[in-house]
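Me: I'd like to go through this one with you before I set anything up. Could you take my questions as they come?

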Amino acid sequence: MLAVGYVLYLSRRRSPDGLAIGVVALLTTFTTQGPAVALGLLSLHYGWLDWIQFTPPAGMLDWIDAVYGRPVDFLDDALPSALVFATGAAVLLGSFALFDRALPQLDAGSPGFERALRRLDSKWLMFGMGCAVTAMTLSVSISLTLLVPLSLKGYLRREQIIPYVMGANITTFIDTLAGALVLGGAAAFTVVLTEMVAVGLVSGAVLLLAYGPYSRAVLWTAGRATHSQRNLGVFLAVIVAVPLGLLVV
């Protein structure tokens, strides 16, 4: 989504202020998920969360097979694997687009609504809102779209976005947790649960112990990244190159 916004920015159809929200979100995600992955690997090695087990009811699996089994089997038999993948991606993107259209527009609010927004200075409240909104939408991308008009109209400051993203990065794994339980069994469930707990612990530690310097560092980096088209292009290239480099290694 940030890449699409960058293209629109180059064509002067989008303000860099909106892109800054995406940059802040990515920086927050990178700097918390990195330590969380290390903590999660340590937890998996020593089996700290192995005692948490959950077995889905058989009726739930039967319901999933009844609803989705026939359509998926039909597509799998009728189409090549590449087209099945493309169809799944199109359905997923279409669902997100439909959900995005259904979200209420926040361009005009009552004075009471604006006063309530100005009270969202608590990092813990924003953290909880990020958890709650993303738990309902199951997508960080969709929950962040709610912040763009609020930030551009001055209702939210950029530093308030950071704890919101931290919370969103935890509950966005809920659908992955359910999928791991249904498709991968107990081991996959433990892996996803470990990542959720690790992200929560790292985010909580940052909020408790180092939120001031951390938020200033994130906002300074985001400001430099969005200072010019060149800087933003370099930033996008780096966030694409790093995962590709890790895959090669």
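Me: Is Leu 44 buried, partly exposed or exposed?

Reply: This is a predicted model, and in it Leu 44 has a relative accessible area of 34%, so the residue counts as partly exposed, since that class runs between the 20% and 50% limits.

Me: Where does Leu 44 sit, and which nonpolar patch is it part of?

Reply: Leu 44 is in helix H2, and together with Val 37, Leu 41 and Val 191 it forms a nonpolar patch on the surface, with about 320 Å² of accessible area for the four together.

Me: Which helix gives the most to that patch?

Reply: That is H2, which supplies three residues of the nonpolar patch.

Me: Switching to the inside, which residues touch the most other members of the largest nonpolar core?

Reply: That core has 45 residues, and the ones touching the most other members are Val 23, Leu 144, Ile 162, Met 166 and Phe 235. Several helices each supply at least two residues of this core, among them H2 (16–46), H9 (158–171) and H12 (229–248), while H10 gives the most, with twelve residues.

Me: And Asn 169, buried or exposed?

Reply: Asn 169, which lies in helix H9, has a relative accessible area of 4%, and it is therefore buried, the limit being under 20%.

Me: What is Asn 169 in contact with, leaving aside its neighbours within four places in sequence?

Reply: With those neighbours left aside, Asn 169 is in contact with Thr 29, Thr 32, Gln 33, Val 140 and Val 199.

Me: Stepping back, how many helices and strands are there?

Reply: The protein chain comes to twelve helices and zero strands. Of its 249 residues, 35% count as buried, and among contacts with a separation of 6 or more, residues 24 or more positions apart account for 77%.

Me: Last topic, confidence: what is the average pLDDT, and which elements have the lowest and highest means?

Reply: The chain averages a pLDDT of 79, with 76% of the residues scoring at least 70. Where pLDDT is low, the predicted coordinates should not be read in detail.

Notes
Residues are numbered from 1 along each chain as its sequence is written. This is a predicted model: local features need pLDDT of at least 70, side-chain atom pairs count only at pLDDT 80 or more; totals for chains, interfaces and linings use all residues. Side-chain values use heavy atoms; hydrogens and water are left out. A nonpolar core is a set of buried Ala, Val, Leu, Ile, Met, Phe, Trp, Tyr and Cys residues joined through side-chain atoms within 4.5 Å. Buried means under 20% relative accessible area, exposed over 50%, partly exposed in between (1.4 Å probe, protein chains only). Helices (H or I, at least four residues) and strands (E, at least two) are DSSP runs, numbered from the N terminus. Contact means heavy atoms within 4.5 Å. pLDDT is the predictor's confidence in each residue, from 0 to 100. Patches are made of residues with over 30% relative accessible area and no salt bridge: like charges are joined within 9 Å, nonpolar side chains (Val, Leu, Ile, Met, Phe, Trp, Tyr) within 5 Å. Accessible areas come from the Shrake-Rupley method with a 1.4 Å probe; for residues, only the protein chains shown count as cover. A salt bridge is a side-chain nitrogen of Lys or Arg within 4 Å of a carboxyl oxygen of Asp or Glu.
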